[in-house]
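This report describes helix packing and pocket lining in one protein model. The sequence and structure are shown first.

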Amino acid sequence: MTAPPKLVLLNSLMPKSKDEDINFPTQRAMFLLRNTLTLLDLGEDADTNNIFAVNEALVSETAKLLISLVPIVKDVYGSHWRYLCRFVLIGWKVTDFYP
């Protein structure tokens with residue numbers, strides 16, 4: 001399966017973390033981050049065994065997006081960190097990196 005073309009396009013337009021001058025508003029980055037994590041349904045009652053089995057390309061592109069967003073919102077406190085950590089833990093579990 002392939003990732004949604006709009007997500008691939010969004011990733012190609014996102015600033016890279018290695019760029020020194022990131023000109024992306026923090027509030028917009030937060031909005032995008034929260035909506036992305038909400039769409040993945042990473043709540044406490046999510047089935048961690050089958051959540052990523054549907055489309056691995058979607059998970060990969062989402063991870064690329066999150067890598068671009070995290071440096072922008074690194075100083076913002078909020079519940080999005082819990083969902084972001086859950087995304088990472090579930091990804092580790094799926095790839096057998098989680099003990």
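This is a predicted model: local features need pLDDT of at least 70, side-chain atom pairs count only at pLDDT 80 or more; totals for chains, interfaces and linings use all residues.

## Helix 1 against helix 3

The axes of helix 1 and helix 3 come within 9 Å, with a crossing angle of roughly 25°. Angles under 35 degrees count as roughly parallel, and helix 1 and helix 3 are therefore roughly parallel to each other. The crossing of helix 1 past helix 3 is left-handed.

On the helix 1 side, the contact is made by L7, V8, L10 and N11. Helix 3 contributes L58, E61, T62, K64 and L65. By class, the residues of this contact are five nonpolar, two polar and two charged.

## Helix 2 against helix 3

For helix 2 and helix 3, the axes come within 9 Å and cross at roughly 145°. Helix 2 also passes helix 3 in a left-handed crossing.

Helix 2 makes this contact through T26, A29, M30, L32, L33, T36 and L37. The residues of helix 3 that take part are T62, L65, L66, L69, I72 and V73. This contact has ten nonpolar and three polar residues, and no charged ones. T62 and L65 of helix 3 are listed in the contact with helix 1 and in the contact with helix 2.

## The largest pocket

The volume of the largest pocket is about 170 Å³. Its lining consists of L7, L10, L32, N35, T36, L39, L40, L58, T62 and L65. The elements that give two or more residues to this lining are helix 1 (5-13), helix 2 (26-39) and helix 3 (56-73). Helix 2 gives the most, with four residues. Seven of the lining residues are nonpolar and three are polar, while none is charged.

Conventions:
Residues are numbered from 1 along each chain as its sequence is written. Side-chain values use heavy atoms; hydrogens and water are left out. On a 1 Å grid over the protein atoms alone, a cavity is a set of points where a 1.4 Å probe fits but cannot get out, and a pocket is an open set with protein on both sides within 12 Å along at least five of seven lines; lining residues have an atom within 4 Å of a point. Grid points are joined across faces, edges and corners, and a volume is the space filled by probe spheres set on the points. Ala, Val, Leu, Ile, Met, Phe, Trp, Tyr, Cys and Pro count as nonpolar, Asp, Glu, Lys and Arg as charged, and the others, Gly among them, as polar. Axes are lines fitted to C-alpha atoms, for helices over the stretch in contact, and angles run from 0 to 180 degrees between N-to-C directions. Angles under 35 degrees count as roughly parallel, over 145 as roughly antiparallel, 65 to 115 as roughly perpendicular and the rest as oblique. A crossing is left-handed if the near helix is turned anticlockwise from the far one by less than a right angle, and right-handed if clockwise. Contact means heavy atoms within 4.5 Å.
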